[in-house]
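Here are a few worked exercises to go through with the model open beside you. Try each task before reading its solution.

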Amino acid sequence: MPAMTAEASEPAAGEQRQTPPAQPSGPARLIRKSRRFPLITRDTARPEGGGRAAPGAAPAPARQWPLLAVMGGVGLGLLIVALDAFRAGTVLIGLSLLAGAFIRWALPEVGMLAVRSRFTDMLTYGLLGAAIVLLSLMAQPDPWVSIPFLDDVVHFTVR
């Protein structure tokens, strides 16, 4: 294959040669980027703490152990609910979410357990876990926890 020469890149007849603009020297050389958001998103930022929970050479389950621990607890809770132990299963589901909130708070890198910012993840996991535990302890029949003012609220709204 013949080598390309300067003549091969010459403009055709009637076209003008485009010359690159001269590069300014000094402070004018700095190019200022726009502060506007791009029209097309090219990539997404990894959430804070979303790095691997184990070294990259470790197998995939070891790198994602925080998420697998929470999901394993929730899965075990669902299995217990399916085996007719409603209260114990839902308490385990809520405690698994509370453990996820604690893991998110305690560890700097938690892999895919990090979905949003650390604060938002902790708040979400913690509130959902606490609500599930509280509701499962108050479930009828024979609730383990009774909160008197909630009985009044229910009777007032259901009339």
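## Exercise 1: a glutamine in a loop

Gln-64 is buried, at a relative accessible area of 17%; buried means under 20% relative accessible area, exposed over 50%, and partly exposed in between, with a 1.4 Å probe and protein chains only. Before going on, a word on the ground rules: this is a predicted model, where local features need pLDDT of at least 70 and side-chain atom pairs count only at pLDDT 80 or more, while totals for chains, interfaces and linings use all residues. Residues are numbered from 1 along each chain as its sequence is written, and side-chain values use heavy atoms, leaving out hydrogens and water.

**Task.** Work out where Gln-64 sits and which residues it is in contact with, leaving aside neighbours within four places in sequence.

**Solution.** 
- Step 1: Gln-64 lies in the loop between helix 1 (60-63) and helix 2 (65-82). Helices (H or I, at least four residues) and strands (E, at least two) are DSSP runs, numbered from the N terminus.
- Step 2: list the partners. With neighbours within four places in sequence set aside, Gln-64 is in contact with Val-110, Gly-111 and Met-112; contact means heavy atoms within 4.5 Å.
- Step 3: look at the side chain. The Gln-64 side chain reaches the backbone nitrogen of Met-112 at 2.7 Å.

## Exercise 2: the salt bridges

**Task.** Find how many salt bridges there are, and say which residues are linked in a network of them.

**Solution.** 
- Step 1: apply the rule. A salt bridge is a side-chain nitrogen of Lys or Arg within 4 Å of a carboxyl oxygen of Asp or Glu. The count comes to two salt bridges.
- Step 2: take one pair. Asp-121 and Arg-104 meet through their side chains in a salt bridge at 2.8 Å, N to O. That pair links distant parts of the chain, with Asp-121 in helix 4 (residues 118-138) and Arg-104 in helix 3 (residues 86-106), 17 residues apart.
- Step 3: take the other pair. Asp-121 and Arg-116 also form a side-chain salt bridge, at 2.5 Å, N to O.
- Step 4: join them up. Arg-104, Arg-116 and Asp-121 are linked in a network of salt bridges.
- Step 5: check the cover. Asp-121 is buried at 0% relative accessible area, and Arg-104 counts as buried at 0% too. Arg-116 has 36% relative accessibility, so it counts as partly exposed.

## Exercise 3: a serine in helix 3

**Task.** Is Ser-96 buried or exposed, and what does Ser-96 touch beyond residues up to four places away in sequence?

**Solution.** 
- Step 1: locate it. Ser-96 is found in helix 3.
- Step 2: classify it. Ser-96 has a relative accessible area of 7%, so it is buried.
- Step 3: read off the partners. Not counting residues up to four places away in sequence, Ser-96 touches Val-70, Gly-73 and Val-74.

## Exercise 4: the whole chain

**Task.** Describe the secondary structure of the protein chain and how much of the chain is buried.

**Solution.** 
- Step 1: count elements. The protein chain has five helices and zero strands, giving the pattern α-α-α-α-α along the sequence.
- Step 2: get the buried share. Of the 159 residues in the protein chain, 23% are buried.

Key:
Polar contact = N/O pair within 3.5 Å; in protein donor to acceptor, adjacent residues only side chain to side chain.
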